[in-house]
Amino acid sequence: RKLAKERVRIIRDPYSDMTFKELQKLLQEEQVRLENAVNGKEFQVAAEIETNLGPLKEAMESKRPLTRSVLESRIEELQKQIDDALSRKAYVECAPLNDKMEALVKMRANYPTIEELRNAVCEAESAVAAAAEQRE
């Protein structure tokens, strides 16, 4: 039973055990294979490789280390998708996209910018100085 569950998991997500760096390397290798297949006029092979690139890119993006710039780019992309859905009057699509975007916006506090960090350090230094004055 455990073996069956493991096989199903691998079938659903063949990249689950790979790190971001490993996925990045695999993507580069697959892109080289795709280019070689196209240059060799092996279009059937190229089509198969191209089909596999989509899930590989998705897996890589899901494992990309989150930084403030990555977070901001994801928020921006979701905003574009919401704007697109609104322009097409596809309101059903807007709610889940907005929920995702709000979750990402809440995560901003966990990934401060350099300026926010500098301000926090200045505030902490001021608090330490004030505490030292009160102690004396």
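Buried means under 20% relative accessible area, exposed means over 50%, and partly exposed lies in between (1.4 Å probe, protein chains only). With that in hand, select Glu61: at a relative accessible area of 35%, Glu61 is partly exposed.

Before you click further, note that this is a predicted model, where local features need pLDDT of at least 70, side-chain atom pairs count only at pLDDT 80 or more, and totals for chains, interfaces and linings use all residues. Residues are numbered from 1 along each chain as its sequence is written, and side-chain values use heavy atoms, leaving out hydrogens and water.

Now pick Glu30, in helix α2. Buried or exposed, for Glu30? Glu30 counts as buried, at 14% relative accessibility. Show what surrounds Glu30: leaving aside neighbours within four places in sequence, Glu30 is in contact (heavy atoms within 4.5 Å) with Ile49, Leu53 and Leu56.

**Stop two: α2 against α3**

Two packed helices are described by the angle between their axes and the distance between the axes. Axes here are lines fitted to C-alpha atoms, for helices over the stretch in contact, with angles running from 0 to 180 degrees between N-to-C directions. For α2 and α3 the angle is about 160° and the axes are 9 Å apart. That makes α2 roughly antiparallel to α3 (over 145 degrees; under 35 is roughly parallel, 65 to 115 roughly perpendicular, and the rest oblique). The crossing of α2 and α3 is left-handed, that is, the near helix is turned anticlockwise from the far one by less than a right angle, while clockwise would be right-handed.

Colour the contact by class and you get 15 nonpolar, two polar and five charged residues. Ala, Val, Leu, Ile, Met, Phe, Trp, Tyr, Cys and Pro count as nonpolar, Asp, Glu, Lys and Arg as charged, and the others, Gly among them, as polar.

**Stop three: the largest core**

Select Tyr15, Phe20, Leu23, Leu27, Leu34, Ala37, Ala46, Ile49, Leu53, Leu56, Ala59 and Met60, the 12 residues of the largest nonpolar core. Such a core is a set of buried Ala, Val, Leu, Ile, Met, Phe, Trp, Tyr and Cys residues joined through side-chain atoms within 4.5 Å. Which elements give two or more residues to this core? They are α2 (20-39) and α3 (43-63), and α3 gives the most, with six residues. Zoom in on Phe20: not counting residues up to four places away in sequence, Phe20 touches Met60, Lys63, Arg64 and Pro65.

A second, separate core has seven residues, including Leu71, Ile75, Leu78 and Met101. Go to Met101, in helix α5, which is buried at a relative accessible area of 12%. Met101 is 30 residues from Leu71 in sequence and 10.0 Å away in space, C-alpha to C-alpha. Setting aside neighbours within four places in sequence, the contacts of Met101 are Ile75, Leu78, Gln79 and Ile82.

Finish by showing α4 (residues 68-87) with α5 (residues 91-107): their axes come within 9 Å and cross at roughly 160°. That makes α4 roughly antiparallel to α5, and their crossing is left-handed.

Conventions:
Helix = DSSP H or I, 4+ residues; strand = E, 2+ residues; numbered from the N terminus.
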